[in-house]
Amino acid sequence: MNFDLTVEQEALRKRAREFAVREVLPVAASYDEAEMMPMEVIKKAWKAGLTNLGIPKEYGGQGYGLIESVIVVEEIAAACPGIATSIFDNDLGSAPVIIGGNKEQKERVLRDITENFKLIAFATSEPGMGSDVAGMQCRAEPDGDGFVLNGTKYWITNAGYSDYISIFATVDPEKKHRGIAGFIVPTDLEGVSTGQHIPKLGQRASNTCSVVLKDVRIPKENVLAKPGRGFVVAMQTFQKTRPAVAAFAIGCARSAMEYSIDYALKRKTFGRPISNYQAIQFKIANMYKDIEAAKLLTYKAAWEGDQGRDSNLASSIAKAFSSDVAMQVTTEAIQIFGGYGYVRTFPVEKLFRDAKLLQIYEGTSEVQRIVISKFLLKQYEHAMPNLFELPREEISIEEKEGESAPKVLQTSQELGGKYKCQVCGFVYDPVKGDPDGGIAPGTAFAEIPDDWHCPVCGATKDQFSKI
Ligand code: FE
């Protein structure tokens, strides 16, 4: 096991951090207040080689693995999660083309994006559904060798400024995931229009709007994934992008922690800096330990993805954990700042607003927990025997020093074995019997009267199983 980054990865972090501090941080508050799409910053990032991280080099992208992507995203998000969302939405939008596109589509679309500074958005969500991807209603009617799209997509990041959108629609909502197909939709196609920018609580520097599709004819060459395959492409996209969302959270939380430390060292109360008080020390200690844990989970998820493994579970854990950490840390940061945390002259108020979205977009925290609990209930391999079959043996007389052991004439086995209450876990041992319940030592379970009850929980005899 090795937790070190390579020399190249460290250099990449340094380069991304310098860009974040120089180009993103100074304008973060202004873009947030203006609720403006940071096109100038995105263009600078594109020129600096810090966009299109996951697009392969052969199509003009950075060709980074998930670890490298996570490193870059964390640094930019530390300066502004909203601007980071705008910059890295191209990686979300282009992922379906990388995953599901053919050679010609990749050459045509990805190259246009990387070489000509084009933006590509991603659209699964609709006014009536988000994380429930299989529940989409937007229709794709087969038409010759292409499709005609009708419907509305909602919450689409960068949609108002995008040149392309990876759009998912269904041939039949009744078919659920089996009906979902994917399309590359140039936004200048007839019938494609975008709604007004949706005003948000946080991440205001990212453009979010609806996309209305009215009889949009998609030629064969822009069909990305056939019905059924589209759902798989969308899910694989999330698997690839969730570690990056977790990295947004790490960057956001890290800055909130750093500003909290700065403030705690400077701000005085009752004659000394608030950093002298354990209440504050514990808060910042918790911040750092949680951020470190989030980071390990996120880098593990990214590493698994880079190894070509199924990183679905790790990505969900990383995304859920890290976004909760970002919310927790930014909330505590405001508390440390007191009244100054609640006002817009310091940056923690913005980070708090920005953090909330991390628990919602790209699969809510609840959806991530559905993924995790499904795994636990259906696939997780237990190390211990089943709870209701746990073995129980008596320790030897020597070990029970000072106690007089019951006189054992026959073993439990010879007396028909032990039985376990399936309600409370109490074990009936025939050697001991249940003297309080009128069952003499040496009574086999089968010989106990039917009206006997579990001495601990009162369960009936038929609720016991042999162990
Ligand atoms: Fe019981």
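Reader: Why does Cys424 count as partly exposed?

Author: Its relative accessibility is 35%. Buried means under 20% relative accessible area, exposed over 50%, and partly exposed in between, with a 1.4 Å probe and protein chains only. The value for Cys424 falls in the middle band, so Cys424 is partly exposed. Cys457 also stands at 35%, so Cys457 is partly exposed as well.

Reader: What kind of model is this?

Author: This is a predicted model, where local features need pLDDT of at least 70, side-chain atom pairs count only at pLDDT 80 or more, and totals for chains, interfaces and linings use all residues. Residues are numbered from 1 along each chain as its sequence is written, and side-chain values use heavy atoms, with hydrogens and water left out.

Reader: Which residues are the protein donors of the iron ion?

Author: Cys421, Cys424, Cys454 and Cys457, each through SG, at 2.2 to 2.4 Å from the iron ion. Donors are N, O and S atoms within 2.8 Å of the metal (3.2 Å for Na, K and Ca); water is not among the atoms, so sites may look incomplete. The spacing of the donors along the chain is C-x2-C-x29-C-x2-C. Cys424 lies in the loop between strand 11 (419–421) and strand 12 (427–428), and Cys457 in the loop between strand 12 and strand 13 (464–466). These two are 33 residues apart and link distant parts of the chain. Strands here are DSSP runs of E with at least two residues, and helices are runs of H or I with at least four, numbered from the N terminus.

Reader: What makes the arrangement around the iron ion tetrahedral?

Author: The 4 donor atoms subtend angles of 103 to 113°. Four donors count as tetrahedral if all angles lie between 85 and 135 degrees. The angles at the iron ion meet that test, so the arrangement is tetrahedral.

Reader: Why is helix 1 called roughly antiparallel to helix 2?

Author: Helix 1 (residues 7–34) and helix 2 (residues 39–47) pack at about 170°, with axes 10 Å apart. Angles over 145 degrees count as roughly antiparallel, so the label applies to helix 1 and helix 2. Axes are lines fitted to C-alpha atoms over the stretch in contact, and angles run from 0 to 180 degrees between N-to-C directions. Contact means heavy atoms within 4.5 Å. Phe19, Glu23, Val24, Val27 and Tyr31 of helix 1 meet Glu40, Val41, Lys44 and Ala45 of helix 2.

Reader: How do you know whether Ser86 is buried or exposed?

Author: Ser86, in helix 4 (residues 81–100), has 1% relative accessibility, so Ser86 is buried. Beyond four places in sequence, its contacts include Met37, Pro38 and Ile42.

How values were computed. Tetrahedral: all angles 85-135°; square planar, octahedral: opposite > 155°, others 65-115°. Parallel < 35°, antiparallel > 145°, perpendicular 65-115°, else oblique.
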